[in-house]
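Please read the following report beside the sequence and the structure.

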Amino acid sequence: MAGKSNKGRNRRGGSHGNASSSEAARAQTSGVGAKENASTVDPSVVDTNGAEPKLESREPENTDSAGQSKQGDLHLYTVPVRTQSGEKLELQLNPGDSVMDIRQFLLDASETCFYTCYDLLLHTKDGATNYLEDYNEISEVADITIGNCTLEMVPALYDDRSIRAHVHRARDLLSLSTLHASISTSLALQFDATQNKASGAKDALKIEVPELDGLGLVEDVTSSLGNLLSSTSKEIRCVESIVFSSFNPPPSYRRLAGDLIYLDVVTLEGNMLCITGTTKTFYVNSSSGSILDPRPGKGAAEATTLVGLLQKISSKFKKAFREILERKTSAHPFETVQSPLPPNSWLGQYPIPDHRRDAARAEDALTLSYGSEVIGMQRDWNEELQSCREFPHTNPHERILRDRALYKVTSDFVDAAVNGAMGVISRSIPPINPADPECFHMYVHNNIFFSFAVDAEVEQFCRKHSVNITNSMSHTSTDKECDMSVCDSPNTISGNGEARRGSNVEGNADAAKPETDLSSDSHITDNEQATYASANNDLKGNKAYQEADVPGLYNLAMAIIDYRGHRVVAQSVLPGILQGDKSDSLLYGSVDNGKKICWNQDFHSKVLEAAKSLHLKEHAVLDGSGNVYKLAAPVECKGIVGSDDRHYILDLMRVTPRDANFTGPGSQFFILRPELVTAYCQAQGAEKPKHETKSNAGAEMIEKSSGDSYENTTIEKEAIKQGNFDGVAIDDIHRKIGEIPDTDENIIVNSDIQVPVSKDMEKQKMEDPALISAPLPVEISGSNEILFNPNAFTKFNLAGNEEEISADEENVRKVSSYLTEVVLPKFVQDLCTLEVSPMDGQTLTEALHAHGINVRYLGKVADGTRHLPHLLDLCSNEIVIRSAKHIFKDTLRDTEDHDLGPAISHFLNCLFGNSQAVGAKGSNNMKSRIQAGHNSSGKSPRRESRWKGRFTPKKDQSSYRSLCSDSVWSDVQEFAKLKYKFDLPSDARSHVKKVAVIRNFCQKVGISLAARKYDLSDAAPFQTSDILNIQPVVKHSIPTCSEAKDLIELGKVQLAELSRYLAMVLYHAGDMAGAISQQHKELIINERCLALDHPDTAHSYGNMALFYHGLNQTELALRHMSRALFLLSLSSGPDHPDVAATFINIAMMYQDIGKMDTALRYLQEALKKNERLLGENHIQTAVCYHALAIAFNCMGAFKLSYQHEKKTYDILVKQLGEEDSRTRDSENWMKTFKMRELQARHLFMSSCKIWQP
């Protein structure tokens, strides 16, 4: 919302130098409890609606007239609001604000948060009164720029839907569960409390700064897992219970009198009341016992809101509710705002909190509707989404409004899809085709279509080791995975490459029968359509066409939910599908593997326009009858016209070229990443006539386009040892990618507060949104732009002459070679030089994707980093976790609901411990289990038929009992070899016994563990009671256009980065309190949107510590640094260069307060880590030597200073050369230390002569 309240603005005050830590951390909070220019209200007076009096502002307000008039380029105008209770507050609004924005603010303000059913009237200067519709903009109703406009909240009549929503809102307000206090805020408050205990200012200065146990914390992080989670806020009880009464629904004669709902309320005083909710008011009726008495009770208390009524009838409620509002008011607004898609937590509270009675919670759970609305008509997700896409977007303001609407609708869709998918997996939602085999089952709930995707990677793994498959392939495979010709059958709902595939174009339900006349090889290839990978590719293709944003071409909303071993694909329902098919609904593409291809000129023109921005070529293909069609998309895509006459394109698994580096069965859907295609086109477009400069330009382009955020420290020019990488010499790599520019001015830098150099591209994108999605007019040697044929190297028949087909295939070969010969070696070098420094599996994956590298190349990255222990561990552990994830999911699918907890704990013990099988004799590995499934025949029982052929016949014991550590690790090693072409190190089993690896695995599969100390040296470190939950893991498609890529999909992250940049500007300008305020915003955003233990959150704590240190609040700075160190240890483990860099920062803080012994311990530990992880001649090792030299200089040990600086100089000469500025700086330091050593020696000799007799 552009508008904001005047309340509590600039609560920090005018002085920054003496700001307390908690004030600085809470600076620029919302201040929803403070008001300006409001008359004083006697606290004892309560209005007729029972509204609370205004809360007093804690701090003096400093009005900024410039801030009132505009916010950046956005002009704001003050508009008073008169509430239903007669109070007044002020909003700052922009004419472009919508009425829904105003309602949202009023819902967040403490004075109006419990009003949900009201109309808004706008009174203008000329005396006119305008009624505001929810979806209107203010400028469409009246001109508020002329001034003297006021808003009035007028009570509206309740109906069944609105009154239930009002009750739910009242319940939410009475809980602090929506308050997510940052650990940083808690640290600041604790520090202030400690400071306040000092008897006086002099005593405060003498407070001893405690010494961190940082070194022990890093080595034994398991004992501190409970520290990750913030202590839960102590609940403030306002009422014993509020539940819907068993008198509901109102009898007909009372319905005619206006009764809508009855509530049973038990107050803290112990009074049991029955409340009637009518179309106008809430009041206490005279009911007692089991007979309804609708007459108002004694005292006749009534109010237009439930909260207002409870304030009148319960003094304890009134007091407690005020405390809740004060608690929420004092919090930072980012701590109270709801995150639409919060990250899952892999740790839960330990000891497990008591589960207390809560009638309202039980009521909500028992009426669970799996994502449906509370009452009323279900939402038409597709219509909402497409209507938002059709909003005008000709200028930035219109695009912002459009993107916000798209984000809101998509977030709601994903939330509903997650709930619905959980209902599907738990069999709470029936299929729409129960007569079909279960592998073809489809589900429609809440206007969302659900279907299952099967992990074919495990199937391929098992096929390799199973026997006698061929004889049963025609039956077993079709049971396990949906053949494309079957999946494309018309009885399905919508197509996107999964077992749900279909376009509802023609045919009948009888067509959905497996075809058994296919060969084994072709069947395996077709079954790739139903893999996890094709679901991911379809989601990526969906995003790509959304970003292309071609008018008249639409996509369905889509989300992928992984839960309890299953993958469910959710889509909005294609209009008209559920009402009956139209014979001409398919306009473009094919539903039968290209045997018949449909084509439409109008549809083709739209697809062709999208293809330009996706670098796809218009090309000719042949159908089964030899007819030639020109397509600009994959053959298997489907262009459909819905009953709403919109053109939809589905099944977009291959919107980028196929990876020519992989051939053979199972590789049909191995496609290149769009980041690589874009970078390659940019590189080729910028190539010069001389051949030797082409690859250099390409490497620079991909470095810029990656926008990687993991640059950490200084850059080393010769980090990779001499050798070969996939047959390409390192010297050749240097010639291809060119020299890497130096980014550091000094030897010692703090990477956490440096603006990453490679963020320049991101800044350009923020300034010029056209750079995001506009296609680049790249030329090749003066000819046409670079376009790729998506059907090259596929089974589809390409038309045209041989030269054209060969040229298309050569283009695909070139971009594939570019990946292996330029991008991969450059990425490996960036890893070795710490220019790219991923901390965990998630950031490693993001770094790979940002550079255009698929995760299947992770084995090659691991091979190229074998000489650096921390990188080899990171890559190999990621391979282990990804391999184990597929085996774990297969195990879960073969586990009954009541065995989930024991199955999860046993698998974790097999993977991270040394557990043996707990069952009777039987197969003890996944291969033999699934092999038995391949050889089975006939219909399976209900629990087995979902994944045909995967399970043995029904048995008394779950198959997880036959798992043991040896079998699991054998499967992991073979899967890693098959999928990633990587031989795991012999000591891989010992290297995964880390909290960081357990964290990575739990995040990938959705497990939540108890936050207790685990003995990872034990054979079975996990118990069933340690498994607290298993949560869905979601991948979603956020619609984006030009501004949306920054403001919507990455809005929160970009806001965090901007807050960090502004914090650094203020830091260097000397405004420490302002810097802390901005950094606090970034920290909260990262905690809420990324995770409490995300590496970016750890870096935020490190930056916060530096800013507090700048305020001379070293104790608080060290507490934040300790938190940063703990989070880094959780995400990466103790052996990572960032941990060593944090040690250096801690040492500098101790050095500044004179604790040199402690500082030396941290510096020496940092030196040991860097020498062990990076080598004795790495630049980061030189950084440690220089820091030690400075520390010894402060201690007066000038000889030791010179010796350590000499080692720094030697390393820099070897790595950078004598002419580099940093080498010369080190040489000057050596001269300085040498001179001081001579001076000290001369002084010592002089003093000796004086004392000689």
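The chain averages a pLDDT of 75, and 70% of the residues score at least 70; pLDDT is the predictor's confidence in each residue, from 0 to 100. Over residues 1–72 the pLDDT is below 50, although this stretch has 186 contacts in the model beyond near neighbours in sequence, a contact being heavy atoms within 4.5 Å. Residues 372–376 also have a pLDDT below 50, and this stretch has 10 contacts beyond near neighbours in sequence. Where pLDDT is low, the predicted coordinates should not be read in detail.

This is a predicted model, in which local features need pLDDT of at least 70 and side-chain atom pairs count only at pLDDT 80 or more, while totals for chains, interfaces and linings use all residues. Residues are numbered from 1 along each chain as its sequence is written, and side-chain values use heavy atoms, with hydrogens and water left out.

The chain has 46 helices and 29 strands, which are DSSP runs (helices H or I, at least four residues; strands E, at least two) numbered from the N terminus. Of its 1253 residues, 57% count as buried, that is, under 20% relative accessible area with a 1.4 Å probe, protein chains only. Helix H28 (residues 841–850) is mostly covered, with seven of its 10 residues buried, among them Leu-844, Ala-847 and Leu-848. H28 is followed by Gly-852, whose phi is positive, near 80°.

Helix H42 (residues 1137–1152) and helix H44 (residues 1179–1195) pack at an angle of about 10°, with their axes 11 Å apart; the axes are lines fitted to C-alpha atoms over the stretch in contact, and the angles run from 0 to 180 degrees between N-to-C directions. H42 and H44 are therefore roughly parallel to each other, a term for angles under 35 degrees. From H42, Ile-1144, Met-1148 and Gln-1151 meet residues of H44 including Val-1183, Ala-1187 and Ile-1190. The residues of this contact between H42 and H44 divide into eight nonpolar, one polar and no charged; Ala, Val, Leu, Ile, Met, Phe, Trp, Tyr, Cys and Pro count as nonpolar, Asp, Glu, Lys and Arg as charged, and the others, Gly among them, as polar.

Asp-651 has a positive phi of about 55° although it is not a glycine, and Asp-651 is buried, with a relative accessible area of 0%.

Conventions:
Buried < 20%, exposed > 50% of the residue type's maximum accessible area, 1.4 Å probe, protein only. Parallel < 35°, antiparallel > 145°, perpendicular 65-115°, else oblique.
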